[in-house]
Amino acid sequence: TARATAVVMCMDVGLSMSNSAPGEESPFELAKKVIQKFVQRQVFSETKVELALVLFGTDSTDNPLSQNGQYQHIRVHRHLMVPDFDLLIEIENQIQPENQQGDWLDALVVCMDLLHTETKGKKYDCLNIALLTDLNTQTNAESSNMNIHNVASQNEWPRGSGQKRPRSPRHRQRSFYGTEEKHGISERDHAKPGCGLPELCMFKRVERRPVAWPCQLTIGSSLSIRIVGYKALTEERLKKMWVTVDAQSNQKDDVKRETVYCLDDDNETEVQKDDTIQGFRYGSDIVPFSKVDQEQMKYKHDGKCFAVLGFTKQSMIRRHQFMGSQILKIFAARDDEHAGVALSALIRALNELQMVAIVRYAYDRRSNPQVGAAFPCIKKDYECLMYVQLPFMEDLRQFTFPSFESKKFTPSDAQLSAVDSLIDSMMLVEEDENGEQRDLFKPHHLPNPAFQRHFQCLHHRAVSPGTPLPPIEPWLKAALDRPEVIKEHSRAPLEELKRKFPLTEVEKKKKLKTSAQIFGKESEESDAKKAKEDETAEEYNLADIAEAPVIVFISLFGCGDPRDLPVCQQLTHRIEQLLSNKNTQYYMKSITCIQAFREQSVKLGNADHYNSYLQSLKRSIPNRGLEVFWELLVQGIIPDSPPQFLVAEEKKEEAAAGPVEDTGDVDDLVSEQFLFLTSCFFFFFFFFLFPLSLVLALNTCLYKLL
């Protein structure tokens, strides 16, 4: 396990720290901000750092060395322990300027004694002292010389009784900005208070120990190499630390949670948990699974593995197909020389041939297996394989978009040149004075703004409960903004781009034209109103109205004008446009248009256009790949059409089928009416006219006989 680090913060709160020039923050306020930022970074970073706080220049004295009038006005505010929110609250509320002057060298000796006493018998990685003072205090010359000698020798220091004490050989003494860089502060000999604030503004990232993943790299059944893997890149997530507490006491134990299962009946009958079972929602149904079923339905495999399935060219692995939330670095086992030689040979061969290994990866028996690519990586200090996960069939998303090829929207040479200039001006890599390339924007050096905002709000709520949360800090907003150099370089190309690609405002159509206006029919409106509308009216085209083609078609079709055929053609053209996008949403819009087309055709007794279009559409289904659309049409979208009419034709010729009946054809409707009238005529003739004519004939014969 990693050893902890001990840090003693020594802050001057004396009288001179409150002095400042007009309009500037005092050294005390700057030092307090630095300590607050440093402590809150340690609180949220989850590192093994123990902190202590020593104040000098205080009105009171409280330290182990304050004997015989020595080491006065020095107070140990907090002993060495892991930092927490209580320390942040104490720094915010309890540390205030005081009226005495303390000796900063005496304060350093107290800090050294504190480190020696409270770290005795424990193992620490390093010991640090952070001193924050303006050095505007007088020190005792004799005492100073002795203390400087003791500090320089790093062997012993005086106690209050004058007794010497050995000093830890690993102890380090430096200013606050001389603490380890891994704690967020760079190495300096001395610095002004406040100059490190920009470095301390961001919360420290959570440090993770590298965890080894031992496994066997296998190629076939005869070659096996001992390897160990480490996560080189993985998505960092905040720990889910939200808990439900009592609003008054803020205690978790004061809130008890109970879950009750009830039937959905009038009495809400309670059901025991043992009488419930898990169900998987499958469409509109729920398929029950017991715990045994859930265990058996899991994909079973042989456990952890890193098996090479084959090799391929690096160019065959597309960058946009990389997926997953981590990248693994695969090394040979440290204590296995043969594994190191074998893996090195594999890495160098892949690198020379520009190949990658396709591998099956499984972390352990409980995890699902993956398929990924192992790229060779050769650095100055090490060699390894870089594993990246690749997608399965279900992970790919296939989209079909209309082509951009259009003469109307072809950019000119001047427009292309303007775009090239903009790209060149926004390059994030530039050459320095030595001719070396330098990155202007380094994403891997940027903190996650969501994490920073989360920690900022947590700190504020813990220190200042009941007050509104602070706004986002300006440096955090600027972190994801364009660099100032890029803003300056791209200003002129952006202006040129505006001139080359002018934007014109398109006025929204206020009103659709009526059928009378389209076909020139007279209306009951006044001449003045008609003249005004004619001036503002625009040419109408049904294909341009994407929102309500059915409503417009119904209003236009069957108005008695001989131009009904162009209206039908515009509707069918709109249907074809919708069918060019192979998506269920567009299929349903097309079916709505077809349904309106049919209803109006039957209603107005003019079904020739409808029948002709539907037959041509049916014949084109196999070649256009619209089987899914046609199935939706068959499955009750137009219930009046029998299945025989809607069966899609296959590409291969089949035997001729029987006559197809289409109840939607108006000719068939007319034929049925004709048959009905003919039947009525014969019925009337045989039952009424024929008997009457027979009676008249008999009467005529009898009259002649008489």
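Biologist: Is Cys-305 buried or exposed?
Modeller: Cys-305 counts as buried because its relative accessibility is 15%, where buried means under 20% relative accessible area, exposed over 50% and partly exposed in between, with a 1.4 Å probe and protein chains only. This is a predicted model, in which local features need pLDDT of at least 70, side-chain atom pairs count only at pLDDT 80 or more, and totals for chains, interfaces and linings use all residues. Residues are numbered from 1 along each chain as its sequence is written, and side-chain values use heavy atoms, with hydrogens and water left out.
Biologist: And how many disulfides does the structure hold?
Modeller: The structure holds zero disulfides, a disulfide being a pair of cysteine sulfur atoms within 2.5 Å. Cys-305 is in no disulfide, and the nearest cysteine sulfur, that of Cys-215, is 6.5 Å away.
Biologist: What about Cys-593, buried or exposed?
Modeller: Cys-593 is buried, at a relative accessible area of 3%.
Biologist: Switching to helices, at what angle do the axes of H2 and H9 cross?
Modeller: The axes of H2 (residues 85–93) and H9 (residues 449–463) cross at roughly 65° and come within 9 Å; axes are lines fitted to C-alpha atoms, for helices over the stretch in contact, and angles run from 0 to 180 degrees between N-to-C directions. Helices are DSSP runs (H or I, at least four residues), numbered from the N terminus.
Biologist: Which residues make the contact?
Modeller: Phe-85, Leu-88, Ile-89 and Glu-92 of H2 meet Leu-458, His-459, Ala-462 and Val-463 of H9, where contact means heavy atoms within 4.5 Å.

Methods: Helices (H or I, at least four residues) and strands (E, at least two) are DSSP runs, numbered from the N terminus.
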